[in-house]
Amino acid sequence: MSLNDPKWGNRGGGDNRGGDGNQGPPDLEELWRDFNRRLSGMFGRGGGSGGGDGGNKMPDLNFRQFGGGIGLIAAFAAVIWLASGFYIVDASQRGIVLQFGRFVESTEPGLRWRLPYPVQTHELVNLTGVRTVEIGYRGSERNKVLKEALMLTDDENIVNIQFAVQYVLKDPQQYLFNNRNADDSVIQAAETAVREIVGKSKMDFVLYEGREQVAANAQKLTQEILDRYSTGIQVSKVTMQNAQPPEQVQSAFDDAVKAGQDRERQKNEGQAYANDVIPRARGAASRLFEEAEAYKGRVVAQAEGDASRFKQVYTEYAKAPEVTRQRLYLDTMQQVFSNTSKVMVDSRSNSNLLYLPLDKLIQATAAPATAPVVEQAQGSRPASVPGVAESNISPPRVDALSGEARTRESTRSRERGER
C-alpha cells in the first residue's frame with residue numbers, strides 16, 4: 001500500500017459505497033475519538049455524538065460515576081492510615097502512648113497498636129541500658145572541667161575531683177515528662193551531692209583513705225535528690241576517677257605527703273619499740289610482784305608458825321617450867337652446835353668423853369673437792385689457854401667449857417638416862 005493513496009486516513013461517503021470501501025486503512029481521527037471516549041468513560045462521561053469537533057471539547061464529568069473511584073482510593077488510604085498505628089516494643093523497652101501530647105498508657109514488650117498520627121503518638125524508652133555521665137571531665141581525665149572538678153574541703157583546702165555516674169531508668173513516665181534533660185539533672189544532682197560530702201570531710205580523707213566512702217555516700221545522696229524531683233532515674237554506681245590537689249600546688253603537696261609518710265614511719269618504729277619493751281617490763285613487774293607475794297606469804301606463814309610454836313611451848317612451860325627450860329636449852333645448843341665446825345673438849349674434868357660432830361665431818365668428807373679437810377683433835381694442851389685442848393676443822397680452834405657448864409651437862413645426861 002502506497003502512502004500516496006488518497007484513501008489513506010480519509011473515509012469519504014462516495015468511497016465507502018464501493019465494494020472495497022471497508023477494506024481501507026483506519027481513520028486516525030476516529031481512533032483518536034475512540035480513545036477519548038474510553039478515557040471519558042473511565043471518569044464517568046457518557047458517550048456523545050461523533051461530530052467533527054467533538055474531540056476538541058472538554059469532557060463533561062459525571063460525579064455519580066466518579067464517586068465510586070474516590071471511595072476506593074479513600075478506603076485504601078484509610079487502611080494505610082490505620083496500619084501506621086502498629087509498633088513493636090522490644091524486651092528492654094517500654095512504650096509510652098500519647099494522645100494529643102498527653103500521657104495515656106505505658107505498654108509492655110510486644111506488637112502494639114495505637115490510634116494513628118495525629119491522634120496518638122508513642123515513645124520507646126530503654127529501661128535496661130546503662131547511661132553514664134561524667135563530672136569534672138569529658139571523655140578523658142586530661143580534658144578537665146575545672147568549674148565542676150574544683151571543690152573546697154572542710155579544712156579549707158581545694159581538691160580536684162573527677163567522677164562518673166552510671167544510672168538506669170526505673171519509671172519511663174517520670175523520665176519523659178518530669179525533666180527536660182535527664183543527663184543534666186543527673187550531673188547537677190551528683191555534683192551537688194559530692195560538693196556537700198567533700199565540704200564536710202578533710203582533705204586527706206577525700207584523697208586517700210576515704211575515697212570509697214565518699215563515692216558510696218555520693219551515690220546515696222544523689223539518689224535521694226533525684227527521687228525528690230521524681231526523675232524516674234536509678235543511680236547504679238558512682239566511680240571516683242581521680243582525686244588530687246590542684247596542679248599549681250602539686251609539688252608542695254608532694255613534699256607534705258612525704259613528710260607525713262616519714263612521720264608515720266617514725267611513729268611505727270616507736271610503736272614497734274614500745275611493743276617490744278612494754279611487754280617485757282610488764283612481765284618483769286609481774287614476776288617481781290609474784291615473788292613479793294610469795295615472800296610475803298612465806299614470812300607470814302613462818303611468823304604464824306613461830307607464834308603457834310611459841311604458844312605451844314608456853315603452854316608446856318606453864319605445866320612444867322623446869323623441864324621445858326631444860327628442853328629449850330638443849331634444843332638451842334643442838335641448833336647452835338649443828339651449825340658450827342668447832343670441836344669442844346672438856347679438859348678440866350679429865351674425862352675421855354669427847355663430842356665430835358661426826359655427821360658434819362662425814363658430810364664434809366663426802367662433799368666436793370672444795371670442802372675443807374678435817375683433822376682429829378689432839379690431847380695436847382696449848383700454852384696460851386691452860387686446861388683446854390683445841391682442835392678445829394677449818395681453821396683449828398678449841399673453846400673450853402667451864403667446869404660448871406660441863407657439870408650441868410653431865411647432870412642433864414644422867415636425868416635423861418633415868419627417864
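In β5, which residue is the bridge partner of Q93? That partner is N126.

## About the model

This is a predicted model, where local features need pLDDT of at least 70, side-chain atom pairs count only at pLDDT 80 or more, and totals for chains, interfaces and linings use all residues. Residues are numbered from 1 along each chain as its sequence is written, and side-chain values use heavy atoms, leaving out hydrogens and water.

Strands here are DSSP runs (E, at least two residues), and helices are runs of H or I with at least four, numbered from the N terminus. Two strands pair if DSSP finds at least two bridges between them. β2 (residues 93-99) runs antiparallel to β5, and seven bridges join them.

Put together, you get an open sheet in the order β3-β2-β5, with antiparallel pairing. β3 (102-107) and β5 (120-126) sit at the edges, each pairing on one side only.

## The nonpolar core

A nonpolar core is a set of buried Ala, Val, Leu, Ile, Met, Phe, Trp, Tyr and Cys residues joined through side-chain atoms within 4.5 Å. Buried means under 20% relative accessible area, with exposed over 50% and partly exposed in between (1.4 Å probe, protein chains only). The largest core has 37 residues, and I161, F163, V165 and I233 touch the most other members.

## Helix α8

α8 has buried residues too, including V214, A218 and L221. Among what covers the buried residues of α8 are α6, α7 and β11. Just after α8, S230 takes a positive phi of about 55 degrees.

Terms used: Contact means heavy atoms within 4.5 Å.
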